[in-house]
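Please look over the sequence and structure first.

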Amino acid sequence: MGGMTATTPARRVLLAAPRGYCAGVDRAVIAVEKALEQYGSPIYVRHEIVHNKYVVQTLEKKGAIFVDETAEVPEGSIVMFSAHGVAPVVHEEAAERKLATIDATCPLVTKVHKEAVRFAGEDYDILLIGHDGHEEVIGTSGEAPEHITLVDGPEDVANVEVRDESKVVWLSQTTLSVDETMETVDALKTKFPQLISPPSDDICYATQNRQIAVKQMGAEADLVIVVGSKNSSNSVRLVEVALGAGARDAHLVDFAAEIEETWLDGVSTVGVTSGASVPEVLVEGVLEWLSQRGFEDVEIVKAAEESIVFSLPKELRRDLRAEAAELSGKQSAK
């Protein structure tokens, strides 16, 4: 046999576009940085501002303090709500504790909250498709707990009961698998033929675009590496979508250091993408790791153009420290 070269296919990387930061994450992360600049530390953040280990660690170094519950925030402080949104009861808790609040909820999540409030006001039963325990689902459910039933995937449909089959609507978490959600909706429609849909799709543009790019890439890739954290719903979905699209293997990693050499066995095409809360520097680390192992040829797989930008939370245009001090009555006579 001659040299191996003839039989060894060229190594290449398919890089998905769009990938990484969406407008809601970008806004939330900048909001924490701006709040720290404007008001100094500490800025308390209820739950992870976005589901990404590196981002949370970076903001902690700058002076953000992440807490699980509002009760952990000292009176008269500033607390920020994460991009995933919170239930109304959390706003009430913050007011009781005399906290100044900055709401970094993604506007596309707020849209779903408003839909929940509206349909509950019209006395609909709301079937919320989403993952049990996810912060976004807890927040949306909290808008109208007595009207909302969680449906966690197609297999959950059999258990769903409603009061009146002619007044049922579905809503969803913004970061789900598009295909699986439609499968759930179809199953719900079979069970409740009069089920109505939200005025516009609840799964956000960024989730959809990243999944479309991975589908295009996954079909050609032997291995897909998704950069993202384990608690990031949209990142976990990208791994599932890659496998569903025909990728032989797919893994979720926070950093390049987590990639295992054995994954590259017999691999000539590697697909790379990242979840909506992932900074590009982490993707660059993965591309660098791959190029050191002969995967230098990078081809971009472009599925959509994204130009959406959200303006920063309005609270960043006020003097919140003074407001917090006033709330807690610590304001000394000027």
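The notes below cover helix packing and then pockets. The model is predicted, with local features requiring pLDDT of at least 70 and side-chain atom pairs pLDDT 80 or more, while totals for chains, interfaces and linings use all residues. Numbering starts from 1 along each chain as its sequence is written, and side-chain values use heavy atoms, without hydrogens and water.

**Helix packing**

- Helix H7 (residues 205-218) packs on helix H8 (residues 233-244) at about 30 degrees, with the axes 9 Å apart; helices are DSSP runs of H or I with at least four residues, and strands are E runs of at least two, numbered from the N terminus.
- H7 and H8 are therefore roughly parallel, a term for angles under 35 degrees.
- Contact (heavy atoms within 4.5 Å) involves Thr207, Arg210, Gln211, Val214, Lys215 and Gly218 of H7, and Asn234, Arg237, Leu238, Val241 and Ala242 of H8.

**Pockets**

- The largest pocket holds about 320 Å³ of space; a pocket is an open set of points on a 1 Å grid over the protein atoms alone, where a 1.4 Å probe fits, with protein on both sides within 12 Å along at least five of seven lines, and lining residues have an atom within 4 Å of a point.
- Its lining has 15 residues, with His91, Asp103, Thr105, Thr110 and Lys314 nearest the centre.
- Strand E5 (100-103) and helix H4 (107-121) each give two or more residues to the lining of the largest pocket, and H4 provides the largest share, four residues.
- The second largest pocket holds about 170 Å³.
- Of the 13 residues lining the second largest pocket, Cys22, Ala23, Asp26, Ile308 and Val309 lie nearest its centre.

Methods
Axes fitted to C-alpha atoms, helices over the stretch in contact; angles between N-to-C directions. Parallel < 35°, antiparallel > 145°, perpendicular 65-115°, else oblique. Points joined across faces, edges and corners; volume = space filled by probe spheres on them.
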